[in-house]
Amino acid sequence: MNPVAVLTPLETFMKFPAPWLAWILPMLGALTMPLFAKLGNKIRDYAAVAWGLTSVVSAASMIPWLFNGNWPGDIKLTTWITFPGGHPLEVGVLVDPLSIIITNVVAFISFLILVYSTEYMHGDKHLTRFWFFFLYFVGSMLLLVLSDNLLQTMIGWGGVGICSYGLIGYYYRDAKDRWLGGPPPHKMFPPSHAGMKAFVVTGIGDVFILGAIFVIFNYAGTLNYVELIETAHIWLPQIAAVPGLLAITAIFFLGGPIGKSAQFPFHEWLPEAMAGPTSVSALIHAATMVKAGVYLVARMSPIFYLGTWEMHLP
């Protein structure tokens, strides 16, 4: 029997470039915005649209996998961290019907908003900063969707939160005509306050989900989605053996999605988040970030199903 060839990281990348380029290119584009700005505002704007288009093309190239049923699944690139106890954490992407569909939705809608923004934001003195946060937001959102493990997902999750702070508080100089609220006697709030409020409130949910991740890793020994599902029959009963721990872990895990989705009781940041430009509202509140929590719950739903309906855990 011939041994199975082990691909190098470069060979793996070249074999399946689309799921990597979908999120890497927008992030790279964000970093190049100051350079393009030195060549002229029009060149900078066209470059921003072009970088957004690369994510659309990369995402669309994965659609054939969706229809022929031959999606590559978990693509591991290289070992990133080896935790105490010998548990490796690998850099990878998970390409399956769920991630392919959400990736295309995020990339395409973000691109449409990007094109709209070129006219809506035309003439803004700080448009380079806007493009940076916009493109990095798109890259972080796609990293969140395509990651094959919880830690990598949280990196994209955190990037989305930081970029939303920059976009919601875009008018951070707090000109009076940008304030929200009122009329008197109701308070008025400046954009910088709105951006910080969104960052803090969603950050509280992030702390909850990190707590759940620590518990899961302590019992499962892995953060890879596929491995978590395959070994759920082992680690889920171990958590359930500690009274109340399984319920607390589930509640903590849902804290992050509830915060990002602006659901009660973490909904307070959403109304004031309209302090950002209209295109930011379209990007964050209507299309992408508020769906991140829904995606994460859908990604982990097999584990919830196994624990509730097959193992009948309390």
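**Group meeting: a walk through the model**

Okay, let's start with helix α7, residues 150-168: 19 residues, spanning 26 Å from the first C-alpha to the last, close to the 27 Å expected at 1.5 Å a residue. That expected span is 1.5 Å times one less than the number of residues, and helices here are DSSP runs of H or I, at least four residues, while strands are runs of E, at least two, numbered from the N terminus.

Before I go on: this is a predicted model, where local features need pLDDT of at least 70, side-chain atom pairs count only at pLDDT 80 or more, and totals for chains, interfaces and linings use all residues. Residues are numbered from 1 along each chain as its sequence is written, and side-chain values use heavy atoms, with hydrogens and water left out.

So how confident is the predictor? pLDDT is its confidence in each residue, from 0 to 100, and the protein chain averages 88, with 95% of the residues at 70 or above.

Now Lys-260, in helix α11 (residues 245-260). Buried or exposed? Lys-260 is buried, at 0% relative accessible area. Setting aside neighbours within four places in sequence, its contacts include Trp-157, Val-160, Gly-161 and Asp-206; contact means heavy atoms within 4.5 Å.

Ser-117, in helix α5 (residues 97-120), is another one to click on. Ser-117 counts as buried because its relative accessibility is 0%. Its side chain makes a polar contact with the side chain of Ser-279, at 3.2 Å. For that term we need a pair of N or O atoms within 3.5 Å; within protein, one must be able to donate a hydrogen and the other to accept it, and residues adjacent in sequence count only if both atoms are side-chain atoms.

Last stop, the loop between α7 and β3, where Asp-174 sits. Leaving out neighbours within four places in sequence, Asp-174 contacts Trp-179, Pro-190, Pro-191 and Ser-192. Its C-alpha is 48 Å from that of Ile-229, 55 residues apart along the chain.

Notes: pLDDT = per-residue confidence, 0-100. Buried < 20%, exposed > 50% of the residue type's maximum accessible area, 1.4 Å probe, protein only.
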